[in-house]
Amino acid sequence: MFFARSFTPRRALLTAVAAVPLIAVSTLAAVAVPPAAAAPGCSVTYSAPSQWDGGFTANVSVTNLGDAVNGWSLTWSFSAGQQVKQAWNAEATQSGTEVTVRNVSYNAAIPTGGRVEFGFNGSSTGTTNPNPTAFTLNGTLCTGDVGPTTTTTTTTTTTTGNPPVGNLPSSFRWNSSGVLISPKPDATHANVAVKDPSVVYHNGKYHVFASTYTNGYNLMYTSFSDWSQASAAPHYYLDRSGIGGGYRAAPQVFYFAPQRLWYLVYQTGDNASYSTNTDIANPASWSTPKNFYAGGMPQIIRDNIGNGYWVDFWTVCDTAKCYLFSSDDNGHLYRSETNLAQFPNGFTNTVIAMQDSNRNRLFEAANVYKIAGKNQWFLVHEAIGSDGRRWFRSWTAPSITGPWTGLAESESNPFARANNVTFPGGQWTRDISHGEMVRTNVDQTMEISPCKLSYLYQGMDPNAGGDYNRLPWRLGLLTQTNSTC
């Protein structure tokens, strides 16, 4: 997302042509399976009160802090070769180190605030029997906190909580939909573009936020239960909410579980800003903007930005810290950090997380994701190709702070570019630009499954040109066709 204040002819030239999209949606069928709609939240007490050489008895208590569930599955991993031998009040299976325990007929339902207990006998190696450190109930990590609230009163759960089996490939192949979301002008919003999308799937709907442009930048919101409904879904312009008017662009939406709040992060011209909301489905209730950086642009960015622009803020957290990434259109990716307990305050220690002497190869629009079931993080970053078209590079790392190793980061082997995307309905764009993965969760960890990826992106008519701000960006969806899962 370019900075809106003043775009140079260089930028207009670099983007005068178009890019490539991502998933096949002529039938609109090959989209990643969305997560269950229940509001997540749970806590687990695990103890082994009786232990002997080679064996032990364990007691487990699970408290449901979220929406009521009818049918549950609890998973964890052993770290010292323990094996479940006999369980009561539950059915237990084990594959390698991972244990999956499911309800029996008489304890399938756990109301909000309710508790279920079971036990088992297990084997161990000598006296080495450390307790598991993490538990997942119906796919939700049990942290003692509650996830997003829902408007439904009954929920059935079909997920098993098992981590996905598979890995990111070393190269990617995609099908792309046609245009799914276009501008919807009204009397006060004569928009020519919709771009920079952020998306989550929650409570049975896709919730999409994006930038729009008339004579300045604004934010919009739309929602729908299936991608086939996206083009007809109404748009709500967020200048009608507490976010208000003025320059707002390049949104990122996520649920910050420790505070039980939705966050919308976006650009306001000279800072990274955010608004909060208790109900993502109520766009009118977003709060007024607040800035992340009390002192404005960090000095290290001032020293390196050159004639670039400070753009495209991305928030992601691990179990201890939250990180705020940003780009400068000048070959640098920056990272700031704060403690999880301090978020959204206290961002400091800004560093250059990645750089490239060719500014076009590390331009803007970074996304950082946690790979579900693995100690692996995934970074995608937009570039401008040798043909002037937008495309994405990708890297992996063992932590958010790196080190980052190239995965698919060349024009011949890209994460997403015209040469690895097929358009079953006809190629409506040659640019694959600023977007976001359809995630497997909604919270601050930005977790995605490595299986059957889908990516919402901006593209445009290949023949369009002129002022960058007025380029006719539209939204399409990429669906991975070479999943390893």
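Let's start with a sheet. Five strands form an open sheet in the order S29-S12-S33-S32-S30, with mixed pairing. Strands S29 (421-422) and S30 stand at the edges, each with a single partner strand, so one side of each has no neighbour in the sheet. Strands here are DSSP runs of E, at least two residues, and helices are runs of H or I, at least four residues, numbered from the N terminus. Two strands pair if DSSP finds at least two bridges between them.

A word on the source. This is a predicted model: local features need pLDDT of at least 70, side-chain atom pairs count only at pLDDT 80 or more, and totals for chains, interfaces and linings use all residues. Residues are numbered from 1 along each chain as its sequence is written, and side-chain values use heavy atoms, with hydrogens and water left out.

Back to the sheet. Strand S12 (residues 174-176) and strand S33 (residues 474-480) run antiparallel, joined by three bridges. Trp174 has Gln480 in S33 as its bridge partner.

Is His434 buried or exposed? At 7% relative accessibility, His434 counts as buried. Buried means under 20% relative accessible area, exposed over 50%, partly exposed in between, with a 1.4 Å probe and protein chains only. The His434 side chain makes a polar contact with the side chain of Asp196, at 3.3 Å. For a polar contact, two N or O atoms lie within 3.5 Å; within protein, one must be able to donate a hydrogen and the other to accept it, and residues adjacent in sequence count only if both atoms are side-chain atoms.

The largest cavity holds about 80 Å³ of space. A cavity is a set of points, on a 1 Å grid over the protein atoms alone, where a 1.4 Å probe fits but cannot get out; lining residues have an atom within 4 Å of a point. Points are joined across faces, edges and corners, and volume is the space filled by probe spheres set on them.

Last, the whole protein. How many helices and strands are there? Two helices and 33 strands. Of its 485 residues, 57% count as buried.

Definitions and conventions:
1 Å grid on protein atoms, 1.4 Å probe; cavity = no way out; pocket = protein on both sides within 12 Å on 5 of 7 lines; lining within 4 Å.
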